[in-house]
Amino acid sequence: MTAVDPNLKATRTTCPYCGVGCGVLATPDGKNSAIIAGDPDHPANFGRLCSKGSALGETLGLKERLLHPMVRCANGKLEQVAWVDALDHVAERFKHIVAKHGPDSVAFYLSGQLLTEDYYVANKFMKGFVGTANVDTNSRLCMSSSVAGHRRAFGADTVPGCYEDLDEADLLVLVGSNAAWCHPILFQRMIQNKQQRGARMVVIDPRRTDTAEGAELFLGLKPGSDTALFCGLLVHLADSDAMDRDYIERHTSGFAEALAQARVIAGSVAATALATGLDEGDVISFFELFRTTSRVVTAYSQGVNQSAQGTDKVNAIINCHLATGRIGKPGASPFSLTGQPNAMGGREVGGLSNQLAAHMSFSPADIDRTRRFWRAPHMAKHEGLKAVQMFEAIGRGKIKALWVMGTNPVVSLPDADAVRAALAKLDLFVVSENVLSNDTVNSGVHVLLPAHAWGEKSGTVTNSERRISRQRGFMPVAGEAKPDWWIVSEVAKRLGFRDAFNFKTAGDVFREHARLSAFENYGSRDFDIGALGHIPDAAFEIMPPVMWPLRAGDARPQARFFSEGGFYSPDRKARFVAPEKPELRQATSRERPLRLNTGRIRDQWHTMTRSGLSPRLGQHLPEPYVEIHPDDAAMFGIAGDGFARVETAQGHCILKAVVTDRQQRGSVFAPIHWSGETSSSARVGALVAPFTDPLSGQPESKATPAAIAPHGFAQRGFVLSRRPLSLPAGAWWARVAVTGGYGYLLAADEPIEDWQSWLRTVSGASDIADYEDRSRHVYRAAAYRGDIPQVCLFVGPASEAIAWDAVKTAFAAPALGDEDRRALLSGRSRDGMSSSGPIVCACFGVGRTTICDAIASGRVHSAAEIGAHLKAGTNCGSCIPELNRLIAQTPVSAETPVPAAQADLVGA
Ligand code: SF4
């Protein structure tokens, strides 16, 4: 970690990754990078950053950036044009398509990475001036079931609690959340609560993730059975007289119906155990912990939301908190952990197609109110299409024009191959982006518009606890990039709406957004930041993080909602919801007997267009993989050091097999991050069935029926290169950033005999040092320019996978002498010592071999001692669960090898 030089001026901004919304101090170093540190004054993180946030400085280079507007010309090629021409073109084509096919023939697909100001302008343009609500966002894939659950229960999309509740709870229940990897800084706050206050933790998840490592109780329930578990809990609370009857009576309705339905779904501990596949003793332990603890926070994330029954799951959880009155009180609330940095900001301005702006709905009164405030000539009259349905409508030719901003739907949406095919049918396909190339851009885009990236953007984002923070620019703007709000405003002006879109700054947009939130809001809407409706530019510039609501005249924001009722339904009462009987939408079959669960890994973000630029983040899990239980692996012939073909009705991928009992039987898990840009056969979104929750429209990303079979490769190896390469036809490959270039892990079905010719072609170098053993299909080579290796290639029989750590170290060196050159082809470091192994602690670059050696030697016995000796785990703490696992698995013996279950994904 690099300390911030006190003489350099740091800019306060906010991390662009997850919904924790950590404050960042960024100090440009003048070399297209910045020194990054946590902001000690930000109330989300108090100075800490996780591995992803800490590596932000490595993601600011211009190599991959889109710098100029581009339009596809008659010759079929994208060519650079002036901004004025690009904007004229988009406006003209939009106008033509709306005139010919009507307003619902156009759509926007936005992103939880956009700033609130970008979101606000895009929504205003489409919903008020074009006249369609076909505006949806990748947040649909992230937390729309929470939104729908909140609205059903509370009458508004209100998060009742705040982060301090995680510090003050006596019981932390984590449902469908691998917070240790996906919300690491909040997870560290929870661990601190456990250590300092003795809070207990229950983790409920089909997978035994790192989050479960610190839990008193782990409930590895069957996929899709969360609703049954919380129905059983509601019954248990009712039957043991643990409810807050006064709260239920005064502030809620629908309790009797919800309880009756809960009895049908899981009417006893035994029925709950049967429905969830859990041990009865574990069920009763959880129920009793919940019953006897007043301060309970139930925090939930994608395992709950990403489901065709996601809204019911959310309401089943909320029901238990309403029944006990544990809502909006210190240390007691249901709590949705939002995935993206500004999913909440998007919700505030109506970024979802079934919301209007400022948490208003498509009721006649709200439509009219918004129309009058905006002076809008063409208000959308009804909800628009949600993400999956929007792309299906594109495929059917109903939507003719699409504008994608800051997201990569060809990778992230379910049935992603169908999404890619649909895009080819568009009459107008516009993408606002930071990068010159990604799977969506490469799917036939017609107009490519360069948008400000993190480090250049200026505006606001809202985190999971309703806290609005500033993102501020601290880097020079790259090329001709512009803010997204500016780009949309310029198109709107060209369509005749100059007055309504005459914004000069992000502050202008923010003030209008804030005033709309207070417009005719007499306490009837939760979202109200009227106190900021006239904030001067100078004050906006230095605005500290602030929670909403902050109404005009409020001295302080309101930290919590609903401890004394006051819900946003017509009778101001909360609704208990009777959920449907939980049943997964698609049954498994003989052909597809498993369920594919998808999710994130610790050190990557979404489709890796930013995090994939960081060599540090590429070290932890460099290879796309599928996790499978040992019994299933044995049944399907999957070997722990081999590869597997995972197939669904939608498509197939070839992934490295990881055999582990952390995965339950009957399910397999694969990460979502790899794309067509970064792999040949690991775009997992293409495997996911496009089933959605009937209310929220959120896709079921965690239970697609799947088959698995071993996939044998003849050859395996890796390539390190200074620039991106095309691998030989037919080769399987996956790419990550490495220091000094790009690292490819590769494999081939048949041995590729003439690697040397390929290397000469791609490297263009004449100075090649190599070693070949044709009988064993071994080839090792390095192509040099002067003393600097340009491409290193190591391949051999698939049964003898080669570790790449020592070669990566040599590749990262500024130049190699004769001794280094000779050592390089051995695949070992020059001193002959083994390498430190695959990286566990990304912050300090500490490898698994180093850690296991220290454990085996008896020098360290705890994560704290590993931290004291090796520094691992002492910055963000994201790797502490992995350190604890290594301690548990590594016997104390100087000669003990690294445990097989922990072997390098590349090969030991
Ligand atoms: S937890 Fe990590 S990824 Fe999330 S906001 Fe904080 S630093 Fe960024």
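Biologist: Why is R420 called partly exposed?

Modeller: R420 has a relative accessible area of 37%. Buried means under 20% relative accessible area, exposed over 50%, and partly exposed in between, with a 1.4 Å probe and protein chains only. The value of 37% falls in between, so R420 is partly exposed.

Biologist: What kind of model do these values come from?

Modeller: This is a predicted model: local features need pLDDT of at least 70, side-chain atom pairs count only at pLDDT 80 or more, and totals for chains, interfaces and linings use all residues. Residues are numbered from 1 along each chain as its sequence is written, and side-chain values use heavy atoms, leaving out hydrogens and water.

Biologist: What makes the contact of R420 with D417 a salt bridge?

Modeller: The closest N and O atoms of R420 and D417 are 3.4 Å apart. A salt bridge is a side-chain nitrogen of Lys or Arg within 4 Å of a carboxyl oxygen of Asp or Glu, so this pair qualifies. D417, at 32% relative accessibility, is partly exposed. Both residues lie in helix 19 (residues 416-423), three residues apart, about one turn of the helix. Helices are DSSP runs of H or I with at least four residues, strands are runs of E with at least two, and both are numbered from the N terminus.

Biologist: How many salt bridges does this rule give?

Modeller: The count comes to 53 salt bridges. One of them joins E647 to R592, with the closest N and O atoms 3.3 Å apart. That pair links distant parts of the chain, 55 residues apart: E647 is in strand 23 (residues 643-647), and R592 is in the loop between strand 20 and strand 21. E647 is partly exposed at 26% relative accessibility, and R592 is partly exposed at 24%. Elsewhere, D366, D368, R369, R371, R372 and E520 are linked in a network of salt bridges.

Biologist: How do you know that strand 17 and strand 18 pair?

Modeller: Four bridges join strand 17 to strand 18 (residues 467-471). Two strands pair if DSSP finds at least two bridges between them, so these two do. They run antiparallel, and the bridge partner of T460 in strand 18 is R470.

Biologist: Why are strand 17 and strand 19 said to stand at the edges?

Modeller: The open sheet has three strands in the order 17-18-19, with antiparallel pairing. Strand 17 (459-462) and strand 19 (546-547) each have a single partner strand, so one side of each is left without a neighbour in the sheet.

Biologist: What makes strand 21 mostly covered, and which strands does it pair with?

Modeller: Six of the six residues of strand 21 (residues 594-599) are buried. L594, L596 and T598 point one way, while R595, N597 and G599 point the other way. Strand 21 pairs with strand 26 (residues 704-711) in the antiparallel sense over three bridges, where A706 is the partner of L594. Five bridges join strand 21 to strand 25 (residues 667-671), and these two run parallel. There, V668 is the partner of L596.

Biologist: How do you know which residues surround the ligand, and how do they divide?

Modeller: A residue is near a molecule if one of its heavy atoms lies within 4 Å of it. The surrounding residues are C15, Y17, C18, V20, G21, C22, L49, C50, K52, G53, P184 and I185. They divide into nine nonpolar, two polar and one charged. Ala, Val, Leu, Ile, Met, Phe, Trp, Tyr, Cys and Pro count as nonpolar, Asp, Glu, Lys and Arg as charged, and the others, Gly among them, as polar. K52 is a Lys, so K52 is charged. Helix 1 (51-54) and helix 7 (184-197) each supply at least two residues of this shell.
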